[in-house]
Amino acid sequence: MLKTANKGQWVINHRQLSLENGFKVVELDPKQYALLVLLLKFKHQDVSKTQILSEVWGQRVVSEDAIYVAVNGLRKLLGDDAKSPKYIKTISGVGYRWVGPPISEPLPSMLDSYLLKAVFGLLLIALILFWQLPRQPVGGEVPEHLVEPYNQARYIISNHPEELETAISLLQTVTVDRPDLIEPLYWLAKAYFMRLQPQSANFHRDKLQLEVILQRILDSNEDHKGANLLFAKLIFMGAMDVESAQPYFLRSLPSSEGHHMYGQYLLAQGKIQQALKHIQTYQSLDPNGYSSESVAWVYMMSQNFDEAKNVLEKLRPYSNSNRFYHVCLRAIYEQLGEYELAVNELLWVMRYEGYNHEELAQVQSLFDLHGMKGVYRWLLFHDTRKADVGHYTAPMSLARYATAIGDNQLALHYLEQSRLAGQYAFMWVAADPHFLSLRDDIQFNEMVNKYILKLDKS
């Protein structure tokens, strides 16, 4: 039994997923454990149902009933009462709040102390060995016995991202054998970046690991375009630091993906013409850049909706089965006030995302009765799938739906949740015409000015 600070005080065991108070031990299932950790992380603050769904269930689509089951199960284990809560309070219309005392970590036993010292010692040795590796990775060729795992890993990263862990394992084998080579390190960094999940409990650890690898590469070759681009994206989207990202973006040029991402970076700041110039350069450098949905997106962000529509019309014979094409077309039709065409594009995307016939018919019926507001109200309050139908995932999607129905306060609430969750989409809210109705709102502008560079006034 773990040692506890005081009899009757709950102690959490992260290894065993259990709670103990000196009198009894209660086992938590994985969802109860994840929910408890989330509530404790934001103790005495409201945690929305959307945030719970996002952080506890991740990409799985479940209804709010799953939250009720997890909360009630946790309350039962703690001996809590929903009507007179000692630990978990229901916040009507929002979610839940931890109102109980802090839950302690276990006091280490003598054995645990030895284990902790041993682990610390191993980590120290690992760090020493790491920094004693050749300080200047070189651009030499991968030796023959490592070519096969190296090429296999690159193929997986480029074509089968669902097998990312396999690629990482292969690249770790290569980089341990030859830590002096730049390109295997770069591909390992690329795989780590693809694996980053801002809402993951391991995000900060994974981000730090990636920063160390990228810094090793740039210490050797500060002009490595791929490493500069990864660092720029990591700073811009991972840390939401706009100003610090720019030098790395500039050192990633000229390269096709560098121009593409720098254009998106400029777009986030409202620098439309500069953004369009870099997107067009990307098109000229990369054959895949001919698919100009990204160009249409820049035109749409600049509120040049007719030009955006013209760009997409040119692509209709080539992109009709492309999801992003339909997402862009829906957005443009909606901004042009062509709502019947917009809802048809939305239904196409919903069908693509697996919505059934009954759900699609319900959306069509709500549109016929109440227009786009009826559709967005359903997506906000009644949609149980919460799939990305062209408005990103929750909580950003909920912010967009709330804006569409005219509930600005609810939209601002979800925008703040999106920022706290580290959603990349938050970085583009200042330029997104979907949030036009918020641009006169003091709270919205404070948020934009604090976390994103001010809109270009020139």
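**Exercise 1. Find the place of Q303 and say whether Q303 is buried, partly exposed or exposed.**

Step 1: Q303 belongs to the loop between α13 and α14 (305-319); helices here are DSSP runs of H or I with at least four residues, strands are runs of E with at least two, and both are numbered from the N terminus. This is a predicted model, where local features need pLDDT of at least 70, side-chain atom pairs count only at pLDDT 80 or more, and totals for chains, interfaces and linings use all residues. Residues are numbered from 1 along each chain as its sequence is written, and side-chain values use heavy atoms, with hydrogens and water left out.

Step 2: Look at the backbone. Q303 is not a glycine, yet its phi is positive, about 65 degrees. As background, most residues other than glycine have a negative phi, and most peptide bonds are trans.

Step 3: Classify the accessibility. Buried means under 20% relative accessible area, exposed means over 50%, and partly exposed lies in between, with a 1.4 Å probe and protein chains only. Q303 has 38% relative accessibility, so Q303 counts as partly exposed.

**Exercise 2. How many residues of helix α18 (residues 396-404) are buried, and what covers them?**

Step 1: Eight of the nine residues of α18 are buried, and the helix is mostly covered.

Step 2: Name them: M396, S397, L398, A399, R400, Y401, A402 and T403.

Step 3: The cover over these buried residues includes α2 (49-57), α15, α17 (357-381) and α19 (408-420). Contact means heavy atoms within 4.5 Å.

Step 4: Check what comes after the helix. G406 follows α18 and has a positive phi, near 90 degrees.

**Exercise 3. Work out how α10 and α11 pack.**

Step 1: Two packed helices are described by the angle between their axes and the distance between the axes. Axes are lines fitted to C-alpha atoms, for helices over the stretch in contact, and angles run from 0 to 180 degrees between N-to-C directions.

Step 2: Helix α10 (residues 242-251) and helix α11 (residues 256-268) have axes 11 Å apart, at an angle of about 155 degrees. That makes α10 roughly antiparallel to α11; angles under 35 degrees count as roughly parallel, over 145 as roughly antiparallel, 65 to 115 as roughly perpendicular and the rest as oblique.

Step 3: List the residues that meet. From α10 come V242, A245, Q246, F249 and L250, and from α11 come M261, Y262 and Y265.

Step 4: Inspect the connection. P254 is found in the loop between α10 and α11, and the peptide bond from L253 to P254 is cis, with omega near -10 degrees.

Step 5: F249, Y262 and Y265 belong to one aromatic cluster with F236 and W428.

**Exercise 4. Which kind of aromatic pair do W297 and F324 form, and which helices hold the two residues?**

Step 1: Rings of Phe, Tyr and Trp (its six-membered ring) pair if their centres lie within 6.5 Å; planes under 30 degrees apart count as stacked, over 60 as edge-to-face and the rest as tilted. A search of the whole structure finds 14 such pairs.

Step 2: W297 and F324 are 5.9 Å apart centre to centre, with 45 degrees between the planes, and the pair is tilted.

Step 3: W297 is in helix α13 (residues 293-301) and F324 in helix α15 (residues 323-335), so by these helix assignments the pair links distant parts of the chain, 27 residues apart.

Step 4: Compare the accessibility of the partners. W297 is buried, with a relative accessible area of 9%, whereas F324, at 35%, counts as partly exposed.
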